[in-house]
Amino acid sequence: MNPFRGLLVKELKILKSHFYGVIVTLLFTVLIGLALSHYFNEVNILPAFLFALFFAHILFYPIFILFSLSMETKTQGWLHNPNPGSYLLMSKLVAISVYFVMSIVITIFLAIGSYFYNPGASFYDNIPVVLPVFLLLSITCSSLYFGLWFCFYWFVYYSLKNVPILGRVRPIFLFVIVVVQMFISGLIGESDWYKQLIHMSELDLNIDWLHFNFFVQSEGFTFNMADSTISIVEILLYLFTAILLFITSTWLLEKKVEV
């Protein structure tokens, strides 16, 4: 068997029980939405719950990466694994991606089912067809990006175990690293040259298919991305950061981090 395929199969098996937990959570949330819809006699509550589940997938990669990495603290399997660190980490990301897609598909089918269950819900009348695709792309990229940061911090934390001076104060030192990283990011984000660079490559999203508003009885909820903008330079910087996080994490992993 191909080494990467073997690692991927192992990760899929490790995360399978956690994915079952995701399915139970999805179904339980739908039941709550149904109960509240009947209790308040408001058909838009269930679609709103499903929309929230859709957004909650931004936490998918970080949570599942922590599940997978926590297993390494118990097995210490990679200490004796001859495969490259890129194989070990990529197998985790691919396995999580498989379950991510499955979870998204289940959520979409639940949303379709809720529509046919109660087609009178005004929630669905206001959603442009292209908007869910745009949101899915944003959620997927954001979730993966945050997941890579979790990986990086996790490997840094356990790498510090090999530094005698820092071994006992790793949580404090890691907290300092996070604060310094956020401080530097804030300084760069507020600098004039960075703002000008971002502004030069901005694309205006003030287009009709990003409008989305709906109301539940007298209480209204508005989701409107029509006045948003995206920056090509900013997207490239996020992509570069993600690649750098992956390379750094695999380098730390190949140091055979003892957890």
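Contact, as the word is used in this tour, means heavy atoms within 4.5 Å. What you have open is a predicted model, in which local features need pLDDT of at least 70 and side-chain atom pairs count only at pLDDT 80 or more, while totals for chains, interfaces and linings use all residues. Residues are numbered from 1 along each chain as its sequence is written, and side-chain values use heavy atoms, with hydrogens and water left out.

**The whole chain**

Start with the protein chain in a cartoon view, where there are eight helices and four strands; these elements are DSSP runs numbered from the N terminus, helices being H or I of at least four residues and strands E of at least two. Following the sequence, the order is α-α-α-α-α-α-α-β-β-β-β-α. If you colour by burial, 36% of the 259 residues come out as buried, where buried means under 20% relative accessible area, exposed means over 50% and partly exposed lies in between, with a 1.4 Å probe and protein chains only. The chain exposes about 15200 Å², of which carbon and sulfur atoms supply 71%; accessible areas come from the Shrake-Rupley method with a 1.4 Å probe, and for residues only the protein chains shown count as cover. Of the contacts between residues at least 6 apart in sequence, 79% join residues at least 24 apart.

**The nonpolar core**

Next, select Leu15, Phe60, Phe64, Ile96 and Phe155, which have the most contacts inside the largest nonpolar core, a set of 45 residues. Such a core is made of buried Ala, Val, Leu, Ile, Met, Phe, Trp, Tyr and Cys residues joined through side-chain atoms within 4.5 Å. At least two residues each come from helix 1 (3-40), helix 2 (45-56), helix 3 (60-75), helix 4 (85-117), helix 5 (130-159) and helix 8 (232-254), and helix 5 gives the largest share, twelve residues. In soluble globular proteins, nonpolar side chains tend to be buried together. Centre the view on Phe64, which, with residues up to four places away in sequence not counted, touches Leu15, His18, Phe19, Val22 and Ile96.

**Aromatic pairs**

Now show the aromatic rings, among which there are 15 pairs; rings of Phe, Tyr and Trp (its six-membered ring) pair if their centres lie within 6.5 Å, and planes under 30 degrees apart count as stacked, over 60 as edge-to-face and the rest as tilted. Select Tyr145 and Tyr238: the ring centres are 5.1 Å apart and the planes stand at 90°, so this pair is edge-to-face. Because Tyr145 lies in helix 5 and Tyr238 in helix 8, the pair ties together parts that are 93 residues apart in sequence. Tyr145 counts as buried at 15% relative accessibility, whereas Tyr238, at 43%, counts as partly exposed. Moving to Trp154 and Phe155, you find ring centres 5.4 Å apart and planes at 90°, so this pair too is edge-to-face, and both of these residues are buried. To see a cluster linked by ring pairs, select Tyr145, Phe146, Trp149, Phe152, Tyr153 and Tyr238 together.

**Arg170 over a ring**

Select Arg170, found in helix 6 (residues 170-190) and buried, with a relative accessible area of 13%. Arg170 lies over the face of Tyr157, 4.4 Å from the ring centre; a charge sits over a ring if NZ of Lys or CZ of Arg is within 6 Å of the ring centre and within 35 degrees of the ring normal. Leaving aside neighbours within four places in sequence, Arg170 is in contact with Tyr157, Tyr158, Leu160 and Lys161.

**Salt bridges**

The count of salt bridges comes to two, each being a side-chain nitrogen of Lys or Arg within 4 Å of a carboxyl oxygen of Asp or Glu. Select Lys10, Glu11 and Lys92, which are linked in a network of these bridges. The closest N and O atoms are 3.6 Å apart between Glu11 and Lys10, and 3.0 Å apart between Lys92 and Glu11. The latter pair links distant parts of the chain, with Lys92 in helix 4 and Glu11 in helix 1, 81 residues apart. Glu11 is buried at 1% relative accessibility, and Lys10 is partly exposed at 33%.

**Last stop: Ile198**

Finish at Ile198 in helix 7 (residues 192-200), which counts as buried at 10% relative accessibility. With neighbours within four places in sequence set aside, Ile198 is in contact with Ser231, Val233 and Glu234.
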